[in-house]
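Here's a quick walk through a few local features of this protein. Have the viewer open as you read.

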Amino acid sequence: MPDCSVVVITYNDADRLPRAVRSVLRQSLRDLEVIISDDASTDGTPEVARRLAEADPRVRYLRRPVNSGGCGAPRNDGIDAARAPYLMFLDSDDELPRHACKSLLAEIERTGTDFVSGQISRLHETTGRLKPYYPSLFARRRVVEGIRHEPDLFLDCFSTNKLYSTAFLRDKVLRFPEDIHYEDHVFAAELYAVARRFAVVPWTVYHWHRAATNDSISLSVDDLGNVRQRVIAARLSDDILRGYGAADLVPHRQYRFVRQDLRVYLNPLPLREPVWVKEFASVVRPYLEEIPGEVYERLDPLDRVCCQLIMDDRTEDLRMAAGSLTGPRAVPRAAVQLGGRTYWGTSVAPRLDITRLRLAELPFSASRLRHEVAALTADGDRVRLTVRSYDPFGMLPVDWTAFLQLGDERVPISPEPSGEGGYVSRVTFTPKGRCDPRIGFTRTSDGHTTTDRIIADPRTAPVELPGCTVKPEGYTAYLAVRPAPASRSGVRRLARRLVKRLSTPENKLRAYKVLIKVLPQRRDLALFESDVGKGYSGSPRAIYEEIRRRGLPIDAVWSVAKGRRNFPADARLVRRGSWRYVYTMARAGIWVDSHGFPLDYPKPRGTRYLQTWHGQGIKSIGFDAPDLRGDFDKPRAQWRRAVARWDALVSPSEEFSRVFLPSNGYSGKVYRCGTPRCDALVRARQEAGRAAEVRRELEVPPGRRVLLYAPTYRDRAKNSGRSVRVDLELLAEELADDWVVVLRTHPVERYSPPERLRHFVRDAGSYPEINDLMLASDALLTDYSSVMCDYALTGKPMLFFIDDWDDYRLSERGVYHDLPAIAPGPCLTATKDLVAVLRELPAVHASYAERYAAFHALWCADEHGDASARIVADFFEGARP
């Protein structure tokens with residue numbers, strides 16, 4: 001008996017069936033069987049399946065005599081034929097990750113549950129990108145004692161991302177309905193109704209392929225018959241739950257319908273013809289009218305608006321509202337503000353309430369307008385465009401200027417009031433390259449600007465011009481300029497391929513090693529780099545500005561990463577990683593950086609390297625950090641060679657030297673005179689005008705206090721957004737009248753606050769200089785970030801949100817200090833406690849005065865505001881202070 005049976009259902013899929021079967025045969029669990037269940041294919045599938053069965057004795061082939069018209073019957077055949085104690089399902093156009101069977105088998109045997117469910121991820125074949133489906137459902141590994149304990153799991157109605165006990169399926173006589181589509185929804189409802197216990201695991205166990213062209217049932221969303229089948233499946237699922245005495249769970253399953261199933265059709269709705277939209281609404285309306293109000297209250301406001309418009313039979317408004325569900329989420333033409341509430345459109349109804357989106361409370365630069373194409377024509381190689389603009393939330397001031405933005409180009413326009421409300425603009429322009437045209441308005445009083453993309457009717461004919469096409473694009477049909485396919489000669493194509501082939505990191509390193517042997521040094525050439533080229537900031541910036549202040553004869557070049565633009569207009573720039581960057585590294589007699597130039601590049605003979613580093617604090621670093629503390633010789637030797645290049649190191653404090661030098665194996669020259677980047681914080685009183693300017697840039701309303709929230713990344717979850725652990729929704733509900741949160745995530749993190757929070761949260765992840773944010777703030781909220789040490793120079797309150805402290809110190813990163821024991825402010829683990837502390841902040845801060853002084857003495861004793869001057873005098877001028 002095999003350990004696991006995998007039922008692969010197929011119909012007319014000869015090309016993809018081998019890929020699916022191979023993904024099972026290559027599983028790390030070897031003792032399994034593959035049951036190919038063919039629903040009477042009429043193409044080459046039978047021959048392909050027989051060859052697969054002949055090639056491997058673990059493969060069996062079943063074939064139905066007549067096509068059933070759905071997936072239920074072949075899956076039931078597989079259940080009947082399975083010989084293993086555990087069972088999985090796989091569609092022939094999808095795949096299983098290599099360890100799916102083994103990991104799920106281990107989990108079901110460990111937990112003794114009826115089935116185990118794991119993360120299902122969409123695999124976009126055109127890009128190779130994996131996108132997890134509702135990752136929050138699978139975030140924790142756990143055992144669920146029945147669906148009533150976690151009814152949100154009705155969102156997981158797949159049959160393919162689960163390993164089942166075969167005996168459980170047979171004992172409960174769990175079968176797929178054979179006369180409908182979306183049979184897995186009905187099967188899942190009964191599965192959840194009868195399962196006593198089931199397990200959930202966080203890893204991906206199923207790759208759901210998304211091809212450029214796909215004929216699967218779930219993607220046939222332009223077929224009204226498909227809509228009817230989904231409604232039938234929803235009703236059957238509800239009836240099954242009622243039949244098992246679980247009527248209380250029906251609203252939770254219906255929530256899945258309005259949140260997920262309905263969205264499948266709403267997303268592309270703006271592209272549909274009015275007749276189709278009318279018929280669609282008539283199909284789903286009777287079911288929506290049966291759903292209790294409590295379900296709609298849980299929905300996002302715009303989903304709820306769409307449901308109400310369906311029930312009101314307002315199909316043209318429905319097409320407009322559906323356009324707000326995807327992409328930039330366009331706003332309506334009109335909105336009603338009444339009694340502190342905001343309503344979509346021109347009427348007031350509870351389910352049209354969109355107050356939660358806070359669209360009427362956004363700062364001007366984030367405020368939303370709606371721009372629609374009224375006319376689009378070609379005029380030779382130019383475009384004539386007429387746009388209607390709507391200001392539904394009354395955000396435009398009395399005095400403003402307007403423009404059409406085409407990439408980096410701005411074309412002035414003169415919108416005129418229209419008789420239907422809003423404004424009409426007429427502009428003629430010459431499109432260039434690839435861009436998404438936007439209409440922008442600039443507030444004259446302070447220069448703040450808001451821009452939005454332009455919406456076109458999906459049926460608008462593309463305008464073909466020499467070199468490009470102007471056309472609507474995407475579900476919401478935003479206007480786009482797209483270049484014509486390049487027609488290159490064979491020689492040019494060959495040349496481009498050759499250059500690309502030669503421009504590999506390995507070839508650049510080889511060339512660099514030759515260059516440093518033959519090129520003469522330029523002792524007056526200095527290469528500056530901050531945060532691997534991501535900005536003009538930190539200590540390299542402070543040293544650069546001190547050099548310029550003194551007028552030293554040093555030719556400075558800044559390394560800049562792709563897409564970074566916050567450098568002075570007169571600064572010389574070189575793209576990091578380019579051939580010119582390699583050449584500059586080889587010639588420069590001085591290197592200055594805060595993180596590390598490319599690790600494998602040896603320093604040229606005679607070049608002097610000043611390492612300023614980028615922070616100090618409690619986190620483990622160097623050979624103690626997670627990426628180097630393992631017993632792997634190559635990365636440790638690589639870092640040891642990189643550190644050996646340093647000629648001088650900036651040490652902010654005695655404590656930094658005590659920890660950093662041994663943990664990085666550094667024994668060279670050390671500057672113990674403070675941190676150049678902190679000079680501005682020491683001189684905070686001189687920077688008061690800058691603080692007020694930053695608050696204006698961030699559009700902080702008068703009278704509001706600023707909380708700088710600066711969490712550090714998590715080593716095991718970089719680029720995930722998981723470092724933002726505070727409940728910003730709750731914080732906004734409680735404190736939006738008194739505070740503004742300025743969110744400064746770590747450079748390796750990816751997080752953008754949702755639009756509904758931008759009235760309260762200012763996204764400062766890409767703000768060029770964190771010192772400015774510290775000066776403009778009234779308090780700091782952090783976790784384990786080194787920013788705490790710099791912020792101590794301001795004397796302002798600090799709060800620490802450390803809900804994962806045990807995990808972070810023991811297994812995630814590791815620390816040198818017990819933060820709760822030394823923190824100069826309260827350490828918190830719940831957002832409600834953070835709210836309480838912020839309401840009593842002056843008293844709380846005063847209670848930590850003694851600890852604050854000790855913290856300052858530990859990390860900031862050497863900061864006197866003259867670090868840049870002293871280091872430049874010694875390292876660059878050669879005169880010791």
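## The parallel sheet

Start with strand β30 (residues 705–710) and strand β33 (residues 779–782), which run parallel and are joined by four bridges. Tyr709 has Leu781 of β33 as its bridge partner. Strands here are DSSP E runs of at least two residues, helices are H or I runs of at least four, and both are numbered from the N terminus. Two strands pair if DSSP finds at least two bridges between them.

Both strands belong to an open sheet of six with parallel pairing, ordered β32-β31-β30-β33-β34-β35. At its edges sit β32 (761–763) and β35 (827–828), each pairing on one side only.

## Where the model comes from

This is a predicted model: local features need pLDDT of at least 70 and side-chain atom pairs count only at pLDDT 80 or more, while totals for chains, interfaces and linings use all residues. Residues are numbered from 1 along each chain as its sequence is written, and side-chain values use heavy atoms, leaving out hydrogens and water.

## A hairpin

Now for an antiparallel pair: β10 (residues 335–338) and β11 (residues 341–344) share four bridges. Leu338 stands opposite Arg341 in β11. Two residues lie between the strands of this hairpin, and Gly339 takes a positive phi near 60°.

Which helix holds Lys517? Lys517 lies in α14.
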